[in-house]
Amino acid sequence: MVQWFGRVVGVCRFLPVLRVNRVNIVRMASGEAENATPRERTFQYQNSLPSLPLPALRDTLDKYLYSVKPHVTEEEYKKTEAVVKEFETGTGKELHKKLLERAKTHRNWLSEWWYNFAYLEPRYPTPVYVNISGPGPFHEHYWPPQDGSQLERAGMVLWHTLNFWKLMKNEEWPVDKMDRGKTPCSMEQYKHLFNTCKIPGEKRDKIVSHFKTVYEGESPTHLCVLHAGRIFTVEVIDDNNVPYTPPELQRQLSVIKEKCAGQPAGPGVGALTSEQRTKWWQLRNRLIELDSRNQQNLEAIEKSLICFTLDDTSPSNDSEITSQGLTGDCFNRWFDKSYNTLMFNNGTLASNCDHAAFDGIVLVVLNLYMDQKIIEAQGVWKGTVPERKVPEPKELVFTIDEDMGKAIQDAALQYQEMASDLQVHCLKFMTFGKNFTRSHKLHPDGLIQLSLQLAYYRTYGKPAPTYETASTRKFYMGRTETCRTCTPEAVAFCQAMVDRNTTSAEKLQALRTANEKFIWLMGECILNRGCDRHLLGLQILSDQAGMTRPDIYTDPAWTKSGGGGNFVLSTSTSGYTSAYGGCAPMRHDGYGSYYKIQDNRLTICVTAWKSNKETCAEKMAGGIEQALLDIQQLCTSSRM
């Protein structure tokens with residue numbers, strides 16, 4: 001079994017805690033704002049956003065020590081306190097001074113390090129372990145699974161996607177806002193949704209984007225379609241910079257299906273993108289050496305708007321769709337591409353996205369936009385089709401020798417071993433949602449986090465170090481901070497719930513106390529006042545100086561509390577939307593838990609590794625469901 005667990009330190013596993021401006025999305029979907037002159041340009045605030053703040057060292061260390069408490073004994077805690085005190089007055093103090101100097105010359109002192117350390121320097125494979133995926137929400141209403149619907153729906157999905165691209169290119173998409181619409185967010189990640197690809201390197205990869213706004217110039221207008229191990233380029237924008245209509249796009253996709261029907265499968269070059277990164281760098285160089293056309297083909301893929309897969313499988317529910325999105329056919333994926341759309345044979349849809357390029361909120365916003373468009377049109381195309389010819393798809397034919405053919409098969413075998421180990425189970429909890437939690441004056445996200453803690457505590461008899469993504473996008477080039485949601489208050493709540501001698505009133509008070517602590521802590525992390533990113537910066541400075549790693553990073557409490565990529569529960573929310581997704585757990589003995597919150601229901605995607613006999617995604621989902629029901633009972637009985 002190939003294992004790479006625990007290698008990524010605090011990578012944003014899925015969706016930042018940003019409340020998507022749903023009103024803006026509905027307006028754009030209805031066309032109300034598309035034809036109006038926007039008061040704000042999409043990227044206009046980028047250079048005026050405040051710099052990423054650097055917390056005081058004392059504040060960071062206090063938060064770290066507080067997060068350690070649930071996971072160590074009193075004696076261990078005293079030792080950790082001493083280690084932290086020594087760090088604060090010695091090595092840490094000197095490293096913090098250096099970090100302050102860096103912050104004076106870098107508007108985001110973390111950004112370059114974060115990209116390199118979290119995404120571009122690790123040498124393990126990108127798919128399964130890093131890439132993110134999610135099901136299109138459309139199958140829950142107008143587009144239920146239906147044989148024979150693939151091409152028609154693919155044409156409409158492509159058209160909506162291209163209209164979203166047009167809104168971005170023209171800077172007509174509303175700026176994401178926080179603080180009840182008062183504070184603009186960094187929109188930089190949206191530039192990496194289109195025309196963007198990760199390129200492998202010997203020791204470090206790089207992200208290359210060819211996307212440009214209308215104010216910056218032209219950018220490529222073709223996409224790549226993957227089917228039956230073959231890759232085609234398709235021009236999808238007409239001479240007036242308008243996307244071709246859904247029937248025209250469907251016609252182009254039909255040509256590709258017809259060309260592949262009854263023919264041997266292509267070489268499946270995309271499987272190479274599932275390789276270990278340095279190995280893929282070597283193979284990419286070898287491909288280029290074989291034939292200059294191979295380089296041209298690679299550049300066509302890397303520069304394309306998106307990659308679009310016509311998949312032959314037919315997943316029918318969220319669990320199956322997300323599983324296929326994360327672990328599907330590697331011969332028809334390009335895992336380095338920032339955005340891969342996967343349209344399955346029965347008309348269901350998923351995505352597979354390189355996490356280096358952007359956080360999950362970008363994918364959520366695109367999916368929510370498409371969802372509103374499809375609802376508005378009741379799932380059918382109602383426009384007219386111009387009388388004109390559309391460009392024929394062109395196949396990218398790679399020159400492959402025997403050694404390269406073997407390398408492709410070897411990559412596929414390794415990928416299949418990784419992919420077959422991931423278990424995905426999506427829980428659809430229909431008993432209550434945001435409205436219920438708000439009516440009881442509880443934060444919905446905090447309530448779900450406590451249900452995760454309770455489910456884990458009941459199963460394993462101990463608390464789980466937990467990562468939840470906090471968005472720092474109100475700052476220049478901001479991405480994420482780690483919110484360590486397994487607080488002493490959360491543990492006290494779990495202990496109260498399993499103690500038969502604790503009264504309902506005491507349990508309810510423990511719930512409220514833990515929920516309030518979550519609200520405060522998440523608020524701090526959104527302001528970049530957590531502990532993980534600051535401690536990461538100090539660690540990187542220490543490594544760059546060739547110093548012996550400070551004791552705070554080798555102390556057992558560091559790993560026990562989640563440091564070094566050791567969070568047992570890796571979690572995130574898409575907020576109050578219809579879109580969500582999932583990705584793999586951070587640890588081999590851990591879980592991934594990614595969820596969306598709607599008015600009267602909650603949907604939670606749980607992932608686990610099958611090779612670990614102590615974990616099971618389905619059982620964990622059942623535990624979460626029971627925890628939610630028990631919390632509901634606790635809240636309702638207190639009013640009787």
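**Close-up views of a predicted acyltransferase-domain model**

**View 1. Cys260 and the cysteines.** Cys260 is buried, with a relative accessible area of 6%; buried means under 20% relative accessible area, exposed over 50%, and partly exposed in between (1.4 Å probe, protein chains only). The model is predicted: local features need pLDDT of at least 70, side-chain atom pairs count only at pLDDT 80 or more, and totals for chains, interfaces and linings use all residues. Residues are numbered from 1 along each chain as its sequence is written, and side-chain values use heavy atoms, with hydrogens and water left out. The cysteine sulfur closest to that of Cys260 belongs to Cys224 and is 14 Å away, too far for a bond. With a disulfide taken as a pair of cysteine sulfur atoms within 2.5 Å, the count is 0. Cys224 is in no disulfide, and its nearest cysteine sulfur, in Cys307, is 5.1 Å away. Cys224 counts as buried because its relative accessibility is 0%.

View 2. An unreviewed UniProt entry lists residues 52–625 as "domain: Choline/carnitine acyltransferase"; positions follow the numbering used here, feature names are shortened, and annotations may be inferred rather than shown by experiment. Over residues 52–625 the chain is 43% helix and 15% strand, with the end C-alpha atoms 38 Å apart. Helices (H or I, at least four residues) and strands (E, at least two) are DSSP runs, numbered from the N terminus.

View 3. A nonpolar core is a set of buried Ala, Val, Leu, Ile, Met, Phe, Trp, Tyr and Cys residues joined through side-chain atoms within 4.5 Å. The largest has 129 residues, of which Phe164, Leu272, Phe308 and Leu535 touch the most other members. Helix H6 (residues 150–169) gives the most to this core, with 10 residues. Contacts of Phe308 (heavy atoms within 4.5 Å), leaving out residues up to four places away in sequence, include Ala154, Val157 and Leu158, as well as Cys224, Thr341 and Met343. A second, separate core of 41 residues includes Ala464, Ala510, Leu511 and Ala627.

View 4. Buried residues of H2 include Leu57, Leu61, Tyr64 and Val68. Rings of Phe, Tyr and Trp (its six-membered ring) pair if their centres lie within 6.5 Å; planes under 30 degrees apart count as stacked, over 60 as edge-to-face and the rest as tilted. The structure holds 17 aromatic pairs. Tyr64 and Trp558 form a tilted pair, 5.8 Å centre to centre with 50 degrees between the planes. Tyr64 lies in H2 and Trp558 in helix H19 (residues 556–560), so the pair ties together parts 494 residues apart in sequence. Ring pairs link Tyr64, Phe87, Tyr553 and Trp558 into a cluster.

**View 5. The Trp173–Tyr369 pair.** Trp173 and Tyr369 form an edge-to-face pair, 5.7 Å centre to centre with 85 degrees between the planes. Both Trp173 and Tyr369 are buried.

**View 6. Asp336 in its loop.** Asp336 is in the loop between helix H10 (318–327) and strand E9 (340–343). Asp336 is buried, with a relative accessible area of 1%. Not counting residues up to four places away in sequence, Asp336 touches Thr126, Cys197, Lys198, Pro200, Thr273, Arg277, Trp280 and Asp354.
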